[in-house]
Amino acid sequence: MTHSRDQVVASVEETFPKNSWARVLDLLDSYGVEPYERERERVQVAILKLGAGSQAKLREYVAVAKRDYRDVLFWAEYPEESRLGTPERIERVRKMLEKFGIEPPKDL
């Protein structure tokens, strides 16, 4: 799915009070300045989703995206798969440990 600047702005306007729109957009626009910071609008939409209306969280997710944008895309676009404690993941870890002959912890 392709994202646009209009989607970023619309999401900011839906999520934040009007008096913070410029500040939030400035914060988001700090991602995508470097040539290795790819998929600017898609990542910004993901950051907004993960930030859940908190400017502090936006700052954190922008910092994460600047290190590796794929993390925020994964967390925002695949929330179930990115959760650590899902039953499927626990079962996969249990099977992997058993495969290597390691007794899984009882609380796993």
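E41 belongs to helix α3, which spans residues 40-51, where a helix is a DSSP run of H or I with at least four residues, numbered from the N terminus. This is a predicted model, in which local features need pLDDT of at least 70 and side-chain atom pairs count only at pLDDT 80 or more, while totals for chains, interfaces and linings use all residues. Residues are numbered from 1 along each chain as its sequence is written, and side-chain values use heavy atoms, with hydrogens and water left out.

With a relative accessible area of 25%, E41 is partly exposed, because that term covers values between buried (under 20%) and exposed (over 50%), for a 1.4 Å probe and protein chains only. Leaving aside residues up to four places away in sequence, E41 touches H3, S4, R5 and V8, contact meaning heavy atoms within 4.5 Å.

One of these, V8, is also a buried residue of helix α1 (residues 5-15), together with S11 and V12. Seen down the axis of α1, the buried residues fall within an arc of 100°, so they line one face of the helix; the arc is that of the directions from the helix axis to the C-beta atoms. On the other side of α1, D6 and E14 are exposed. The buried residues of α1 pack against α2 (21-28) and also against α3, the helix that holds E41.

Methods:
Helix = DSSP H or I, 4+ residues; strand = E, 2+ residues; numbered from the N terminus.
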